[in-house]
Amino acid sequence: MEALARGLDVLVAFDAGHRTMTLSEVAGAAGLPRPTARRLLLTLEQLGYVRSDGGAFALTPKVLALGMSYVSSLGMWDIARPHLERLVARTGESSSMTQLDGSDIVYVARVAVPKIIALRVEIGTRFPAVQTSQGKVLLAALGPEELDRTLAQPSRSGLPPYIGRSR
């Protein structure tokens with residue numbers, strides 16, 4: 001039980017002011033010895049809850065799964081849905097919410113408009129951020145150094161790095 005508690009301490013050490021941290025920073029924030037923090041971070045990375053890049057660690061969207069039961073009980077979708085539905089009714093176009101995960105976006109909410117030809121996008125769908133309008137908006141909010149680090153990460157979408165037009 002102590003290992004679980006320490007692992008959770010590592011996860012909650014990340015916040016808006018500490019989106020990425022080094023091993024030493026995580027150990028300090030979680031109140032753990034460096035070797036313990038390292039073992040926990042490597043385990044969390046192997047499980048997909050944390051990613052590392054150049055000695056810095058960051059959470060992945062997979063941590064959302066830990067709190068989805070709680071969020072569902074709060075009715076977060078019920079809160080977001082009327083806003084998305086109003087936007088869809090007003091524009092006649094599908095509306096989605098996404099989150100940046102490395103160089104990809106991940107869909108976290110969506111209200112689709114039925115169309116004859118439509119892109120099938122479900123919650124959890126992943127696309128390279130640079131190839132989508134939502135991704136470009138999220139990337140535009142990053143500072144230059146963070147943008148370079150983000151775009152240096154390979155996409156995990158399964159799509160080729162660039163989808164060009166046929167000639």
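How many bridges join strand 4 to strand 5? Seven bridges join these two strands, which run antiparallel. The legends below describe a predicted model, in which local features need pLDDT of at least 70 and side-chain atom pairs count only at pLDDT 80 or more, whereas totals for chains, interfaces and linings use all residues. Residues are numbered from 1 along each chain as its sequence is written, and side-chain values use heavy atoms, with hydrogens and water left out.

**View 1. Three strands form an open sheet in the order 4-5-6.** Helices (H or I, at least four residues) and strands (E, at least two) are DSSP runs, numbered from the N terminus. Two strands pair if DSSP finds at least two bridges between them. The pairing in this sheet is antiparallel. Strand 4 (95-101) and strand 6 (126-128) are the edge strands, and each pairs on one side only. Neighbouring strands are turned by 35 degrees against each other on average, direction ignored. Such angles rest on axes, which are lines fitted to C-alpha atoms (for helices over the stretch in contact), and they run from 0 to 180 degrees between N-to-C directions. In a regular strand the side chains alternate between the two faces of the sheet.

**View 2. Strand 4 and strand 5 form a hairpin.** Two residues lie between the strands, and Gly102 in the turn has a positive phi of about 65 degrees. Ser95 stands opposite Val111 in strand 5. Is strand 5 largely enclosed or exposed? Six of its eight residues are buried, so strand 5 is largely enclosed by the rest of the structure. Here buried means under 20% relative accessible area, exposed means over 50%, and partly exposed lies in between (1.4 Å probe, protein chains only).

**View 3. Strand 5 (residues 104-111) is joined to strand 6 by three bridges.** The two strands run antiparallel. Asp104 stands opposite Pro128 in strand 6, and Val106 stands opposite Arg126 in strand 6. Helix 6 (residues 133-140) packs on the sheet, where it touches strand 4 and strand 5. The direction of helix 6 makes about 50 degrees with that of strand 4. Contact means heavy atoms within 4.5 Å.

**View 4. Arg126 forms salt bridges with Asp101 and with Asp104.** A salt bridge is a side-chain nitrogen of Lys or Arg within 4 Å of a carboxyl oxygen of Asp or Glu. The closest N and O atoms of Arg126 and Asp101 are 2.7 Å apart. Arg126 lies in strand 6 and Asp101 in strand 4, so this pair ties together parts that are 25 residues apart in sequence. Both Arg126 and Asp101 are buried. For Arg126 and Asp104, the closest N and O atoms are 3.1 Å apart. Asp104 lies in strand 5, so its pairing with Arg126 in strand 6 ties together parts that are 22 residues apart in sequence. Asp104 counts as buried, at 0% relative accessibility. Which residues do salt bridges that share partners join into one network? They are Arg51, Asp101, Asp104, Arg126 and Arg156. The structure holds five salt bridges.

**View 5. Helix 1 (residues 2-13) crosses helix 3 (residues 34-47) at roughly 80 degrees.** The axes of the two helices come within 10 Å. That angle makes helix 1 roughly perpendicular to helix 3; angles under 35 degrees count as roughly parallel, over 145 as roughly antiparallel, 65 to 115 as roughly perpendicular and the rest as oblique. Ala3, Arg6, Gly7, Val10 and Leu11 in helix 1 meet Thr36, Leu40, Leu41 and Leu44 in helix 3. The residues of this contact divide into six nonpolar, two polar and one charged. Ala, Val, Leu, Ile, Met, Phe, Trp, Tyr, Cys and Pro count as nonpolar, Asp, Glu, Lys and Arg as charged, and the others, Gly among them, as polar.

**View 6. Within helix 1, Glu2 forms a salt bridge with Arg6.** The closest N and O atoms are 2.7 Å apart. Glu2 and Arg6 are four residues apart, about one turn of the helix. Glu2 counts as exposed at 51% relative accessibility, whereas Arg6 counts as partly exposed at 29%.

**View 7. Tyr49 lies in the loop between helix 3 and strand 2 (50-53).** Tyr49 is buried, with a relative accessible area of 16%. Not counting residues up to four places away in sequence, Tyr49 touches Leu11, Leu44, Ala58, Leu59, Thr60, Lys62, Val63 and Leu66. Tyr49 and Ala65 are 16 residues apart in sequence and 9.5 Å apart in space, C-alpha to C-alpha.
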